[in-house]
There are 2 protein chains.
Amino acid sequence: MGRERVTVVDIAHAAGVSKSTVSLVLQGSPLVNDGTRAKVNVVIRELGYVYNRGAANLRQANSKSKIIGIVVNDLTNSFFAELAVGVDMVVQSAGYVQFLSNTGESVDRQREVIASMREHGISGLILSPARGTEAADLKGLVAGGIPVVNVVRQIAGARVSSLISDNHGGMRDAVRHLAGLGHHRIAFLGGFPDTAVFNERLQGYRDALADVDLAVHDELVVSSAPSRAGGVAAIERALSLRERPTAAVCFNDAVAFGVCDGLRAHRLNPGEDFAVIGFDDVIEAQTAVPALTTVSVDPQGMGRRAAQLLLKQINAGKADAEAIVSSVRLVVRQSCGSAIDKRERLSLL
Amino acid sequence: MGRERVTVVDIAHAAGVSKSTVSLVLQGSPLVNDGTRAKVNVVIRELGYVYNRGAANLRQANSKSKIIGIVVNDLTNSFFAELAVGVDMVVQSAGYVQFLSNTGESVDRQREVIASMREHGISGLILSPARGTEAADLKGLVAGGIPVVNVVRQIAGARVSSLISDNHGGMRDAVRHLAGLGHHRIAFLGGFPDTAVFNERLQGYRDALADVDLAVHDELVVSSAPSRAGGVAAIERALSLRERPTAAVCFNDAVAFGVCDGLRAHRLNPGEDFAVIGFDDVIEAQTAVPALTTVSVDPQGMGRRAAQLLLKQINAGKADAEAIVSSVRLVVRQSCGSAIDKRERLSLL
DNA sequence: TCAAATAATTGGATCGTTCCAAATTTGTCA
DNA sequence: TGACAAATTTGGAACGATCCAATTATTTGA
């Protein structure tokens, strides 16, 4: 089993050429004669040679490692799983591989993970920072000239690129849509209040209410963990109010699904007795029943875009921070009672 | 930005010792004097040194790279996301890092990914093989003496360890439970028929029906994609039968959720009008409404166990294949009408 | 046919670390 | 204090690839 490692020298010897030639073949140089190349390739296959990127990487300190790191704060949330898949797609086809780690919202874990990635010589990092991450946590990377793209969450003061979605605008559109359907008491459910994303979305909610001349009731804003379970808890609280809301915009799709679950537990039918709008447009949003009306962020597309941005910076050799706000759009499905249903219902009155 | 790299030699020079001593400090050798160690550590911090694992790894060809690879066939399925999280936990705390890739059920992609991982010198691989993977695809790894642990799916003829769940037993328990509740027409919904997992679970279904003297009706076995959308399609087909089933065991939780969605679209209440049992026990299973009765596989625990098994083999230095069948247990929740509900309902008659 | 140009090949030196055997310092005890 | 053991430290030689400048083989053109 643990046989001797086959190296370029072995190949060279077996093929009757020098190791330099073998190296040239490996990197697809046009300098080598076609016949020689073929001969070398045959030997490579015969001996079962595997390229040692570590060694190669050592010499070409200028060039990069062909590894990009991606760390997310919650892989069990399908939003991030899809994001990772999107990143993997473009990264893979650019000849890179992905180092993926999950921090579970722990900054300590995040620190360890990033340190470890640096030791392995990643040539770039895509980071969805854990809650409480500070600019200082990225100092090492930035000082080392390693491009970083922050996704989903921004870090104040960090001089790195970021790709976040239009949280404010998306939430505003969602609330306006509900108001347009005739809802007056619209709740904002889920999410941790100490995150930038939460506050951006909340602001969108407030601004939209102001736009349509509806009052903002603080008790209609119920924070919770941004998970399915959190959604159940949040709607529970919202339904216990003296004056119940008739509709809700949710921090994300996971919360929205939880809200639907919680509504059913109260014998309320989401989409009919209560309007629910999510945020993210996770794949399940379209197949769920009722199909979830949600603000589409296209997590996979976001992953792809983040990866492209990162690769651009890696290739450019310099990392000037650019902040991209990716636009979102409201996808109207069944969970809020479509406009048509509403009209029909009104015409019956 | 792209400043010169700090190396052991720089540290050595600045601390007034030799590079060998610095190396000793780095690997925490007890040979070095405490005073020296402290001095060196200070300099390391001051100069912002980052360890170059690539270089280290090059020299100590005997030892391993502290990278373990994990490739899954569908990261967007939360079962696998959780599995990956479980792996990450133990791998991380053992000082390794995780190379994670997603194949999306493509053997070609899988081949590329595994090749790339080998080039990076992974010291072990956890693999949930794509459909259609053959023993030959793992030949290189095995020949190279790299331990491999197959999870979830087994590969016939491959001399690698595997950790799969008791598909047969789990499904048998599920069917028996439904039969015990008085169901006679029990469907088997979802999954691709060309996989080992499908056939093991199907066999468990058949054997259980035989055990309780129920006939097997082929039309009650409806295969589909093992996803939420697949579940919707499968229940659709099942409900279109002349003689409808009254209960269903599903290939996995994703399918089960889809089945619940499909039932609601037909104005049927899962757990009351129709009993549904899933397989996997994904986290959402407990928070969903109705909470899903399912065969608990504990994906995260499975990930942890797989990682432990792999680390054991890495440390042992030899990889003798062992096949572990991890036991499962039926978790009764609301989606099948609990035994108590059933009894109550009967007493009313 | 021969010089010049072009194509193809090649031997070290090198990347940043660990290993090894040998050298140096320090400590112990009669 | 001197001999001997133990504790520390250290200079090169690796590891497996790439790079560079230099060499050798092949064409080309007049």
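Buried here means under 20% relative accessible area, exposed means over 50%, and partly exposed falls in between (1.4 Å probe, protein chains only). The model is a predicted one, so to speak of local features takes pLDDT of at least 70 and side-chain atom pairs count only at pLDDT 80 or more, while totals for chains, interfaces and linings use all residues. Residues are numbered from 1 along each chain as its sequence is written, chains are lettered from A and ligands numbered from 1 in the order in which they are written, and side-chain values use heavy atoms, with hydrogens and water left out.

On to the rings. Two rings of Phe, Tyr or Trp (its six-membered ring) pair if their centres lie within 6.5 Å, and the planes count as stacked under 30 degrees apart, edge-to-face over 60 and tilted for the rest. That rule gives nine aromatic pairs over all chains. F99(A) and F99(B) make a stacked pair, because their ring centres sit 4.3 Å apart with the planes at 15°. This pair crosses between chains, running from strand β2 (residues 97–102) of chain A to strand β2 (residues 97–102) of chain B; strands are DSSP runs of E, at least two residues, and helices are runs of H or I, at least four, numbered from the N terminus. F99(A) is buried at a relative accessible area of 2%, and F99(B) is buried at 1%.

Within chain A, F188(A) and F198(A) pair edge-to-face, at 5.4 Å centre to centre and 85° between the planes. F188(A) belongs to strand β6 (residues 186–189) and F198(A) to helix α9 (residues 196–211), 10 residues apart.

As for the two copies, a rotation of 180° with 0.0 Å of shift along its axis superposes chain B on chain A at RMSD 0.1 Å, by least squares on the C-alpha atoms of residues with pLDDT of at least 70 in both. That is how a two-fold axis relates them.
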